[in-house]
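Work through the two exercises below with the model in view. Each task is followed by its solution in steps.

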Amino acid sequence: MFTHRRFIAGAASCFMIGGAGAQAPGPNLGQPIAPAAVAAWDISIGSNGAGLPTGSGTSKQGEAVYLAKCLACHGEKGVGKPNDRLVGGIGTLASKNPVKTVGSYWPQATTIFDYVRRAMPFNEPRSLSNDEVYAVTAYLLHLNGIIVESDVMNSTSLPQVSMPNKDGFVPFVPGR
Amino acid sequence: MRRAQTTNDFQWIPVAGNGLLDRRLFLTGGLAAAPMAAGTALGISTAHPQALSDGSWMKAPGLPFSGYGHPSQHESKVARVARSAPGTTGAGGSRTPIQLLNGTITPNGLHFERHHSGIPEINPDVHRLLIHGLVKRPLVFTLEALARYPMESRIAFIECGGNSNFLYEREPSQLGAQWMHGLVSCAEWTGVKLSTLLDEAGVDPRASWILAEGADAAAVSRSVPMAKAMDDALIALYQNGERVRPANGYPMRLLLPGYEGIMQIKWLRRIKLTDAPTMTRDETSRYTMLLQDGKAFQFNFPMECKSVILQPSQGLTMKGEGFYEISGLAWSGYGKITKVEVSTDGGKSWAAAALQEPVLSRALTRFRIPWRWSGGPAVLQSRATDETGYVQPSRDKLMAARGANAYFHFNGITSWAIAANGDVKHVYT
């Protein structure tokens, strides 16, 4: 039977075969845009590091950024208060009182860059340069004992950082 | 033992312990005869204390028209309650007064909110939706363009992944149903099927996920499986008939019926097709469920089957023995609610509540059952079943499976204990 649903699916697959020149049988009211023109919005960082920009920073440089921009909310050396604790807790996740921090819980270092760049500092998001984001990421990783002070974080080194809880996540099992 | 009592033209039948009555009391139209019957069989009537007289509002013309209406001034207590992170005013949640509402649709001004950096004041004329990544043709849509597309409506609940998480705590919270369970709301959402737009952009076969991102100051972003995006996802432009409220994503939000609230990105500005989840902060550091062995459940997308009794509930006080309708809400991110059972004796006996029609998939479902409160102790519970056959677990069962640190997706049974003085407390049984 020729159903509406099948018509749509069939038309879509024709389009796929048709290639970039063909159009889907919809209203087509979207405006094509060149990939270069979306760069300012394309801020998400893939878990393999795809999308990381040029630039770099060290823990030492990051400490200066942290003291100026992060300390008021996250405390000295990331101990937390009044807002999230960022440091410590490694090895506590299976205990009765787990301490979830960037160091103990976050599975991937790329997420730190992604999140800080998009959302921090809370009152001035998007005010840090890429170098500053790399630097403050390095500072947090160093405070957590995950990298050494001299390590330089950039688009090559950051995705290679092995987080303590990188294997800590499992897909949800329905019914649990 | 069942003991039918007949009063004039309707009857009530005990169906479970401690005063639960047959749900069909209402369905047979018996309520029309209830005032007399209630006086003789279910409740206690006392004489009205004075003669009836006209109110002052009948002695002069009423108020003029208004451009946009508001609730009665006498309903000012029907309001959201909010809490924000230290040092912030818009990074937290506000909760729907579910215990003071009835039916299944949440008024737009009372829909719960969960913002990560306040409500952006977006100019709809300059807002854009970008679809890019693994597509043949990246596309940008204006609101004006989207408004010309064929639209669909879905009545769907949205529930925050953190709703009900007070029940993971070791001692039963006494904050009331609104604080405990008010991060859920239900609306009719109208907009454009996301699959239509993705088809127009041309999906690369390697695309298995989308990343959805908002235009708020936190640019909240979440990965969503491609299958959901192509199934029933909407770019919602309307909420209960009017444009989506600023607090719910104006001028457009992603609607993913049944899925965890944060995935239904508000102020949607970008969808990127990818071959893997992006592992954003809000799908790793947050909205994951830490288990007793130190591992954490990730990618728990649909909200599990849940129900809660709201009338009565902790925070509301009983006004003397006699007839009450026990009423509440049930929902499941996996489909339709098929059954809600209610107990007033702490789970010793159960009876099926009436489900208010229409019962819709992934929407709030209202349940009701009549009850004659004896004035003695009672523990009220509700237990929902969805169309997959999944039964809402007891709190003990859920805690045994997940431990006390899972924080998200609590869907165990809530227990309200009623004392002889009419006070309602939250208890663990």
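**Exercise 1.** Describe how helix α4 of chain A packs against helix α5 of chain A.

Step 1. In this predicted model, α4 covers residues 110-119 of chain A and α5 covers residues 130-143 of chain A; helices are DSSP runs (H or I, at least four residues), and strands (E, at least two) likewise, numbered from the N terminus.

Step 2. The two axes come within 9 Å and cross at roughly 130 degrees. Axes are lines fitted to C-alpha atoms over the stretch in contact, with angles from 0 to 180 degrees between N-to-C directions.

Step 3. That angle makes α4(A) oblique to α5(A) (under 35 degrees is roughly parallel, over 145 roughly antiparallel, 65 to 115 roughly perpendicular, the rest oblique).

Step 4. From α4(A), A:Ile112, A:Phe113, A:Val116 and A:Arg117 meet A:Val133, A:Tyr134, A:Val136, A:Thr137 and A:Leu140 of α5(A); contact requires C-beta atoms, placed from the backbone, within 7 Å. By class, this contact has 7 nonpolar, 1 polar and 1 charged residues (Ala, Val, Leu, Ile, Met, Phe, Trp, Tyr, Cys and Pro count as nonpolar, Asp, Glu, Lys and Arg as charged, the others, Gly among them, as polar).

**Exercise 2.** Locate the domains of chain B and describe their contact.

Step 1. The assignment, automatic or from a database, gives domain 1 (128-287) and domain 2 (306-427) of chain B.

Step 2. Over C-alpha atoms, the centres of these domains are 29 Å apart. Domain 1 of chain B gives 23 residues to the contact and domain 2 of chain B gives 24 residues.

**Conventions.** Residues are numbered from 1 along each chain as its sequence is written, while chains are lettered from A and ligands numbered from 1 in the order written. Local features need pLDDT of at least 70 and side-chain atom pairs count only at pLDDT 80 or more, whereas totals for chains, interfaces and linings use all residues.

Note on methods
Two residues are in contact if their C-beta atoms, placed from the backbone, lie within 7 Å.
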